[in-house]
Amino acid sequence: MEKYTLVPREFFNGDVQLLSQLVGVSPSETIKYVELPDFEAVLLFVPGENDSRPVIYDLLCKLGGIGDYNKVLFCIEDSVLHLAIGAGEKLLLANSYEAKDFTTALYFIFAAMHDLQINPQMTTLYYTGTVTHDNQELLFSYFKGVEAL
C-alpha cells in the first residue's frame, strides 16, 4: 500500500518526517512532498517505482477538472481503492482502502458518501483505470451517471 498523507498548508513547515510519525517509513525510504494549491494542502509521500507519485495525487489533480458540485472520483489498482471526494472547491476526502474485490470497493465508496451526505442518485461517479462492463452496469444502477476520465 502506498504511504502518504495530506497536511493543511498552514501546518506544514517543511518537515517531511511528519509522514514517518503517521505510517511506518523505513530509514531506506525517501519522503517527498508536493504542494496542492487548489486544496491549500501538501501531500507527503514515499515515492513508488521510478520515483512515481501516489495514485491519490493523480486523482486530486483530476478532481479540480470535474465541473459538478459533488465530485466523486476513484481508481482501483492492485486491490486498493483510491478515493477522492470534493464539494465545490473544497476537498472532503482523499484516502486509500484495501479492497480485494469490487463489492468491497463499493462498500467504501458508499460509506464515504453516506458520511459526507452525498446522494448517489444525484451524483455522477468518475473513475480512472479499468472497470469491467458488468461493474459499470452495477454502478449505473446506483448513480446518476458513471464516467471514465
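What follows is a short chat about labels and the values behind them.

Tutor: Ground rules first: this is a predicted model, where local features need pLDDT of at least 70, side-chain atom pairs count only at pLDDT 80 or more, and totals for chains, interfaces and linings use all residues. Numbering starts from 1 along each chain as its sequence is written, and side-chain values use heavy atoms, with hydrogens and water left out.

Student: What makes the radius of gyration of the chain agree with a compact globule?

Tutor: The radius is taken over C-alpha atoms, and the globule rule is 2.2 Å times the number of residues to the power 0.38. For 149 residues that rule gives a value near 15 Å, and the chain has 16 Å, so the two agree. The C-alpha atoms fill a box of roughly 45 × 30 × 25 Å along the principal axes.

Student: How many helices and strands does the chain have?

Tutor: Four helices and eight strands, counted as DSSP runs numbered from the N terminus (helices H or I, at least four residues; strands E, at least two). Their order from the N terminus is β-α-β-β-α-β-β-β-α-β-α-β.

Student: Why is Thr-124 called buried?

Tutor: Buried means under 20% relative accessible area, exposed over 50%, and partly exposed in between (1.4 Å probe, protein chains only). Thr-124 has 8%, so it is buried. Thr-124 sits in strand β7. Leaving out residues up to four places away in sequence, Thr-124 touches Asp-68, Val-72, Lys-144, Gly-145, Val-146 and Glu-147, where contact means heavy atoms within 4.5 Å.

Student: And how do you know whether Tyr-126 is buried or exposed?

Tutor: Its relative accessibility is 8%, so Tyr-126 counts as buried.

Student: Why do Asp-51 and Gln-117 get other labels?

Tutor: Asp-51 has a relative accessible area of 46%, so it is partly exposed. Gln-117 has 74%, so it is exposed. Asp-51 is in the loop between β3 (41-45) and α2 (55-63), while Gln-117 is in the loop between α3 and β7.

Student: What is phi for those two?

Tutor: Near 60° for Asp-51, a positive value in a residue other than glycine, and near 55° for Gln-117, also positive. Most residues other than glycine have a negative phi.

Student: What makes a group of residues a nonpolar core?

Tutor: The members must be buried Ala, Val, Leu, Ile, Met, Phe, Trp, Tyr or Cys, joined through side-chain atoms within 4.5 Å. The largest such core has 21 residues, and those with the most contacts inside it include Phe-74, Ile-109 and Leu-139. Helix α3 gives the most to this core, six residues. Another core, of 18 residues, lies apart from it, with Tyr-4, Val-34, Phe-39 and Phe-45 among its members.

Student: Which residues does Leu-139 contact?

Tutor: Beyond its neighbours within four places in sequence, Leu-139 is in contact with Phe-74, Phe-102, Leu-106, Leu-125, Val-131 and Val-146.

Student: What share of the chain counts as buried?

Tutor: Of the 149 residues, 42%. As for contacts between residues at least 6 apart in sequence, 44% join residues at least 24 apart.
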